[in-house]
Amino acid sequence: MSGHGVWARVGYELASPAPMFYSLSGETDFRRVVTLVPLVSFASESVLGIIPSFSAGAGFPIDLLDGPARLGLRGQLGLQWPYVGVVGGLDVMSGTSSLLLRGFVMLQVGL
Amino acid sequence: MVWACVWQLLVGNIAASRAEPATAGVEWSPDVAVKAETLDFVCGLEQGEPSCRFFATYELEPLTAEPPAIDVRFVGTKTSDVVLELDGARVTGSVRIGQRSRLIARGVIHPGQFVEPSYARSAMSVRHPLFGAPVHRSHRFDFEYAIAPIRTFAGPPPKVTLHVEYRRAGRSRSPVTTRSSRPSGAAVKRSWTPRHCSRCASACRCHRRHSSRAAPSPPWAG
């Protein structure tokens, strides 16, 4: 694992039943990687919107554009207040010769 | 989305005819005894809103040789379509009763609705406050029906039969509560709270049997 950079992502999610969320998001580093991430997460209730909704999820990131497509595993944790939140996690990506570890922390806006 | 709901039926008392005119309360026609009283409630959803149809039957018997005149009226809150019938004929105001007359009051009770207070906000509403699907919160529906106080009826305490039925959505009949009692002077007050109501999405399917004693359904319950 080496280097760092700025990433951005946009996604959509469904909930059924309510505590379970199923999302699909696209992420990019604006240079050479675009990643699709289907993810399943569980989110707790918030208290008055002050104590955030905690979430934990797992998914399968798929790297595109950067050579052959690569499949990985993602573990993700999140805190969400109304409109804003923080998401962090770790990707373990398969490579041609070795595994690629990729950690991230993102600010998130929920509409 | 979870819509937990609680139905509650409260039966209280108001004043009616009295056995002892000297005591406090509304005094009218102590010459009529109520031999039996039957109360039937059938609750269900109508156009998405819960409501109860009631059917109250009073077996009246004069205590004097001369057929006494009585004032009949129904007092209730959040009721509609109330009809009073004496021996099969619609009546209002003052009527004379014969031997073993049957007075019937029937109509519809509408509930009060309260949102259960909670500090919790669903994950959906927190994560997507603008475009998230609406989240149903727990509601409670209270039905109130006031009956004449049994202790103030003239004559000996009548036999009182109370039958409450709640219909599950999409089902024709499923009684949940049946009570039959003979009060001994004290006002009758019962409260049922059918619970076991989680995950009610489009229609509540609350169902709880409170008594194993079966009672015949009212004739108008189709």
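Colleague: Where is B:Asp87 placed in chain B?

Modeller: In this predicted model, B:Asp87 sits in the loop between E5 and strand E6 (89–90) of chain B.

Colleague: Why is B:Asp87 called partly exposed?

Modeller: B:Asp87 has 14 other C-beta atoms within 10 Å. Buried takes 20 or more, and exposed takes 12 or fewer. A count of 14 falls in between, so B:Asp87 is partly exposed.

Colleague: And what makes B:Asp81 count as exposed?

Modeller: B:Asp81 has 8 C-beta neighbours inside 10 Å. The limit for exposed is 12 or fewer, so B:Asp81 counts as exposed. B:Asp81 lies in strand E5 (residues 79–86) of chain B.

Colleague: Over in chain A, how do you know that the bond joining A:Ser16 and A:Pro17 is cis?

Modeller: Omega is about -10° for that cis peptide bond. Most peptide bonds are trans. A:Pro17 is found in the loop between strand E1 (8–15) and strand E2 (20–28) of chain A.

Colleague: Now the two chains. How do you know that E4 of chain A and E10(B) pair?

Modeller: Pairing requires at least two bridges between the strands. Strand E4 (residues 46–47) of chain A and E10(B) have 2 bridges, in the antiparallel sense, so they pair. In E10(B), B:Arg121 is the bridge partner of A:Ser46.

Colleague: How many residues does each chain bring to the contact?

Modeller: Chain B brings 14 residues and chain A brings 17 residues. On the side of chain B that touches chain A, strand E10 (120–121) and helix H1 (123–127) are the elements giving two or more residues.

Colleague: What pLDDT does chain B average?

Modeller: Chain B averages 64, and 57% of its residues score at least 70. Residues 1–28 of chain B stay under 50, and the model has 95 contacts beyond four places in sequence for them. Over residues 170–222 of chain B the pLDDT is also below 50, with 106 contacts beyond near neighbours in sequence.

Colleague: What are the ipTM and pTM scores?

Modeller: The model scores ipTM 0.88 and pTM 0.52.

Technical notes: Residues numbered from 1 in each chain as written. Chains lettered and ligands numbered in written order. Predicted model: local features only at pLDDT ≥ 70, side-chain atom pairs only at ≥ 80, totals over all residues. pLDDT = per-residue confidence, 0-100. Contact = placed C-beta atoms within 7 Å. Helix = DSSP H or I, 4+ residues; strand = E, 2+ residues; numbered from the N terminus.
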